[in-house]
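Hi,

Here is the structure I promised to pass on. Please open it first, then read my notes on its cavities below.

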Amino acid sequence: MAYIPVKRPKFSILDRIYVVELVRGLGITLKHLVLSLLGKSRSKKDFNGAGIGACMPFPEQRWDDHLPSYYRGAPALVRGEDGRERCVSCQLCEFICPARAIRVVPGSVAPGSSCSKQEKAPAEFEIDMLRCIYCGMCQEVCPEQAIFLSQQYLITPTDRKQAVRNKEQLYRLGGIRKGLIHKWNQFK
Amino acid sequence: MSSQQEQLPKDAAAAEGKVNVQINGKWYRFPKGTRIADACNSVGIHVPCFCYHPKLSVAGSCRMCLVEQGMPPRLAPGATPTYNDDGYQTIQWMPRAVVACANTVAENMGIRTDGTVCREARRAVLEFLLTNHPLDCPICDQAGECKLQEYTADYGQPSHRFTEAKIKKGKNISIGPRVNLDQERCVLCRRCVRFMKEIVGEEILGVVGRGGHNAIACFPGKTLDSNYSMNVVDICPVGAMTSKDFRFKMRVWFLKSTPTIDTNCGTGTNIFIWSREQQIYRITPRQNDAVNSCWMPDNHRLNYKYINSEKRILTPLVKTDVGAPQRPGAWEPTLRAVSEQLRRCNPKQTAIIVSARLTNEELYLAGNLAQLLGISQLDIVPRSGEPDGMLICADRNPNTTGAKLILDKDGRTLDDIRLGIKNGKIRHLIVIGEDVTAEAAIPESHLSKLDYLLVIDHSETATTRAADVVLPGVTFAEKYGTMVNITGRLQRLNKAIEPLGASRADWDILRSLLQGSGGDMSLLTARAQSPMEILDEIAAQFPAFKGVSWAAVGNSGIPITETGETIPLIEREQTKQ
Amino acid sequence: MENLLKWCTDVLSNPTWFYLLTTIAKLVVVFAVILAFVVLSVWIERRVAGWIQDRPGPNRAGLPLFLLQRFGSKEEQPLKNLLRFLGCPPDGVIARLCRWLRFDREIPTFGLVQPCLDGGKLFLKQEITPSYVRKFYFILAPMLVLGPPLVSAAVIPFASWVQTPFGEINMCIANLNIGPLWIFAVSGLSVYGLTLAGWSSNSKYPFLGGLRATAQLISYEVAMGLSVIPLLMVFGTLNLQEIVHSQAESGWTLLPLWGQGLSLQRWLLCIPMFISFIMFATCIFAEANRTPFDMAECETDLVGGYHTEYSSMKFASFFMGEYAAMVIGSALVVTLFLGGWSIGFGADAALASCSEWLAVACQFVTFLIKLLAFIFFFVWVRWTLPRFRWDQVMKLCWLVFVELAVLNIVLTAVIIYFIH
C-alpha cells in the first residue's frame, strides 16, 4: 500500500468562523443571479445563449448550426458512393450493443444485382432509440464502415413504436458516405 | 536413485500396453498406436488440425498440426542405453516439425508444442492458407465457429505480406439441394471428400485444378444430393461448405446449443438444438459413438420448422356446444371442466390413444390416468418406414421401446379401438400427441360421432379440429424427459426453448389432469414436480429402469435393456476399428 | 334586508359568536396564505436556483391557448380576434409586442403554474405502497410532517389589531402568551413524521434517513431554544404579538433606528441579538431540513432518505411539509428579529391614527414582503452552500451552538444589568 500524503490547506481563524466565507459565497451566487437576470452571464457567447442565463432557449433556437464536428447523435446506416448498402448484416453491432437496441434480420442480395458479390445485406435493421445510449460501439465494431453516429439529436417519438427506426429511416438519415470500398467489387 | 534395481518406466508402461511420452516437458502414458494429436488433446494440450477428423482416414494435408518431435538417440552397435535418474533416456530433438495427425506415439518420444519451431511452423502454414482466402468473415455463416478464424487469432500473425492479387475461384456455388460451396474459403483439407467416400460410400466430391487453383468440386454430372450431405457442412472447418437452410439466418454466437436427441425415428440420434429467444435456427449432430457417431440424416436435421410454425396451438381450445366452433379458453377452468368430464365418462366406453413420441414420463402418467379412471383400452400408434441402412431405422417412433417397457403396449390393440369407434362402442376418446386420422387411420367422420374427444397436441391437425377440447402440448424441443431408443438405450431430452405461448409441457398437463381427477394420491405421481422426479418413480416401479436417475442418464444415455436391434452405421464403424 | 343586518349585528354582538367567526375568518386567510406561499416558495426555489446557476429555470409553463380549441372554441387564435376587436393594427407595435411575449400561443405565467402542474402530476401519479411496509405508520408519517407547521402558524401575528364596534380583533389566530414555546413544541412533533417514515418503510436507506432526522432535529431544538432566550430576556414577554408591537414602537431587534432604538444602550444590545439571530436562523435551517442540513434525505448517500419508498401524494405531503416548515420558520425569524408586521420608522402609529383597517392592511402586506425576502434568503443559502457532513452537523450543534447560546445568555444578562 502506498500512502499518498495529501496537503490540506491551513485555515485561518477567519475561515474557521465560517461566517465571513459564507457571506463571500452568498456574494458570488448573488453576482451570478444578477448577471443572468441582466442577460450578461459569463460564457453566454460560447453557448450561443439568448435568454436568461447562459442557456439557449431550445425550441426557438437550435443547436443545429453550432454542433461541434465530434458530436455523436443517433446512429444511422450509410450507403456507398455507388449506392451500395454498405451493411452486410454481420450482426456484430447487434452483438456489441450494450443496451441491446439493435435488431438485425439478415437477408441476401439478389444474385443478379450490381453488388451480388456481397451476397448478404440486411432484410431488416431496427434500432430502438429508447434503448440506444449513443455509445458509438456499433460504429467502432463495424467491419464494413456501414453504421455511423449522425449529428441528429432531436429524437421525440410520441409512442414506443415510433421510437424504433427501421432500415429505410436509418438509410435516409445516414445518406451517402464518400470514399469507395473495393472489398465487394466483383470486377476487381 | 537406484533405477537399475527397480522397474524402468518403459517396462512398467509396456506391461500395460502403453508407452511413455514426454509432452511439453511432462511425462504421460498412452496406449500404443495413439496418434500424437489425440495424445496431446487428451491431456489438454491443444493441437490445431484442419484435415484430421477422428472418424475419417488420415490425410495429413493441411500441415496445421505440426509439432516438434524427438526420440532417444540411436545406439551404436554394442552400446547399452543410458537412463537418467527418472529412468528415461535423453531425447534428441529433430530439426524439423512433423504432423501430429499421421504419426503415432512411441516409447520415450518427446513432443513440444510450445517451442519456436512449432510456433513458426503454425504461423507460416496459416500465412499460406490465408494468401488466397477472401476474408469475407462478415458474410460467412461459419464466422464464430470457424477453425481458420480461431487458429489465426491464436497462432497467426496480424497482417499478411502478400501484395499480389488473390486467385479468384467460385463463390456461392450450389453443389446440391442443401449445400452451398465457396471455393475461395476452402483450405483443401478434403474432409468432405473423405466423408462422402468413406462414410456415405458415394464418390461425389473431389479436388480439381493445380497449385493455387486447387478447388473442391463435384464430379461431372453428379450433385451432392445424398441424405447425409449436410454432414459435410458440420465437418468443414471453414465456411467453404454452408447449409442452404441456415444460410444468413443468424450468426452462431447468438445461438444457444442444447444437447438433446432427435425424435424422428427410433435411433434417437444425439443432437444439438441451436436456438435464440424462443426461435430454433438449426439442428446439428452431437457425437455419441454408441448411437450416431458424428452424423445425422438431412431430413431429420431439417425437420424442425414445425416447432415455430403458424400451426402451433398456443391456448387451450374448447368447443362449448355441439357444432359450435372451438374457442380459446383459460387453463384452469378448462382443466377443471376436463377433469370433471373424465370422471363422468363410463370407462368401458372410453379409450386412450397415446403417441410413442411421448417421453417415458408422459407415458407413465398416461398409464396412471387410465388406471385411475379404470380405462382398459389404451394403446400407441405404430409408425414405420423404410430403413436406409445407416442411421434411419424402420421404426419411426422414437420411444416404442419405452412404451413397451412402461405401458406394455405395442400398437396391436389399436385395431380394436378403431373398430370400437366405428361401431359406436367407444363414446369417449382421449388422444395424446397423435393425429389419429393419419397413421391410426381413424377417419374424421368417425371422430365426429364421438361424444367427447379430448386431444393433447402441439399443432393443429385433423384430430384437433374435431376435438371437443384441445390442450396445447409442446414439441420435443420444449420439454424435459427420457426416451428409450431401438437398441434399448435410455436417453435424455433437454428443453431448448420455453413452451411457446400458453402451451404447457405434456407431462405437466397430464399431471394436472391426474390431480384434477382426484383419487388415491399415493397411487399417483401427482406430487412429482418435474420429469426428473417422475423418472425416479419409474425407476422404483419398473425393473428395467432400476437404479436409473436423471443424472445417471447423462447427455450420452445408458443402455437399460436388450432388444437385439443394432444401428448399421455404428456396426460398420466398430468393425472398421 | 334590514332584518338580515340586524341578525348579523345580533350575532356579532354575542362575544362567543364574534370570537368564533373572526377566528374562522383568520384561519381561512392564514391557511390560504401559507399554502399559497408553499407553492410560491417552490417556484422561487426553482427560479432562483436557475438564475444562480446561469439558467432560466422553469419559465415555460403557461396557459396554452390551443387548449381552448379542444374545449370547443372555434377560434384558432383568440389574440388575433381580440386585437381586431380593440382596433389594433395586426402588424403594429402592440401586436408585435404581444407576439414577442408569446400571447398568441399561451398566456404567460413566467413558470408560476409549474408548481401547480407538478402538484397535479403528483396527484395523478400511481400510488405505490410497497408490500413490506408497516402500513398504518407508513400512511401516518406524511400527515405528521405536513400537520405541525400548519398548526404552529396559529401564534404568528400577521398584523396588529383593530377595534370594531363589537370588540377588538387581534390579527393573530391565537394570541397565546407562550408563542415561541408553542411553535417549538408543535414543530418538534414533525420529527415523529420523519422517524416513522424511515422506520415504517422497512428499508435501509429510509431507516438511516429517519435516524439522522431524529438525531438532528432533537439536537437543534436544544440549540434553538437556548439561542432565543436572550431575545426573550430583552422583551420580557413570550407573547409574539407584544414582541412585534414593542419592535414597532422602539425599533426592530436587528434594526433599532427609531424610538428608543436611537440610544447607545439599545445598539449595545444588538451584539447579542445578532449572535442570537445567526444561531436561530441556522437552527431554523436545520429544523426545516434544508440544505446544508438536509442530512435526512441526502441523495448522495441515502438515495432519497426517509421518503425513498413514498410516491404520489404521500411524497407530495412530505414535499409540502418541508416547504411549509420553511415558510413558518421564516415567519418566526421575521417576527422575532425583523419586526414582524411592523412597517417601521413610526409609520405604524401614524397609519393607525388615520385608519386602523388601512394600517392592518399595510402591515399584512409588509409582513408578506418580509416573509418573501426571508424565503429568498433561505433559497439563496441553499444554492450557495454544499451539504455538510453528518459529523460536522452534530459538532456544530453540540460543540458550538449550545455553548455559544449559553455565553450569549450571560452576555445579554450582563448588558441588561449595566443598562438598567
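The second largest cavity has a volume of about 130 Å³. It is lined by 13 residues, and C:Val30, C:Val33, C:Ile34, C:Phe158 and C:Phe367 are the closest to its centre. Keep in mind that this is a predicted model.

Which helices build that lining? Helix 2 (15-52), helix 15 and helix 17 (356-382) of chain C each supply at least two residues of the lining of the second largest cavity.

Now the largest cavity. Its space comes to about 290 Å³. The lining holds 22 residues. Nearest the centre of the largest cavity lie C:Ser187, C:Ser190, C:Glu287, C:Ala288 and C:Ala325.

Several helices of chain C each give at least two residues to the lining of the largest cavity. They are helix 7 (135-152), helix 8 (179-187), helix 9 (190-200), helix 10 (204-227), helix 13 (264-287) and helix 15 (312-337). Helix 15 of chain C gives the most, with six residues. Helix 15 also supplies at least two residues to the lining of the second largest cavity.

What classes of residue line the largest cavity? There are 14 nonpolar, six polar and two charged residues.

And the overall count? There are 10 cavities of 30 Å³ or more.

Best wishes

Terms used: Residues are numbered from 1 along each chain as its sequence is written. Chains are lettered from A and ligands numbered from 1 in the order in which they are written. This is a predicted model: local features need pLDDT of at least 70, side-chain atom pairs count only at pLDDT 80 or more; totals for chains, interfaces and linings use all residues. Side-chain values use heavy atoms; hydrogens and water are left out. On a 1 Å grid over the protein atoms alone, a cavity is a set of points where a 1.4 Å probe fits but cannot get out, and a pocket is an open set with protein on both sides within 12 Å along at least five of seven lines; lining residues have an atom within 4 Å of a point. Grid points are joined across faces, edges and corners, and a volume is the space filled by probe spheres set on the points. Helices (H or I, at least four residues) and strands (E, at least two) are DSSP runs, numbered from the N terminus. Ala, Val, Leu, Ile, Met, Phe, Trp, Tyr, Cys and Pro count as nonpolar, Asp, Glu, Lys and Arg as charged, and the others, Gly among them, as polar.
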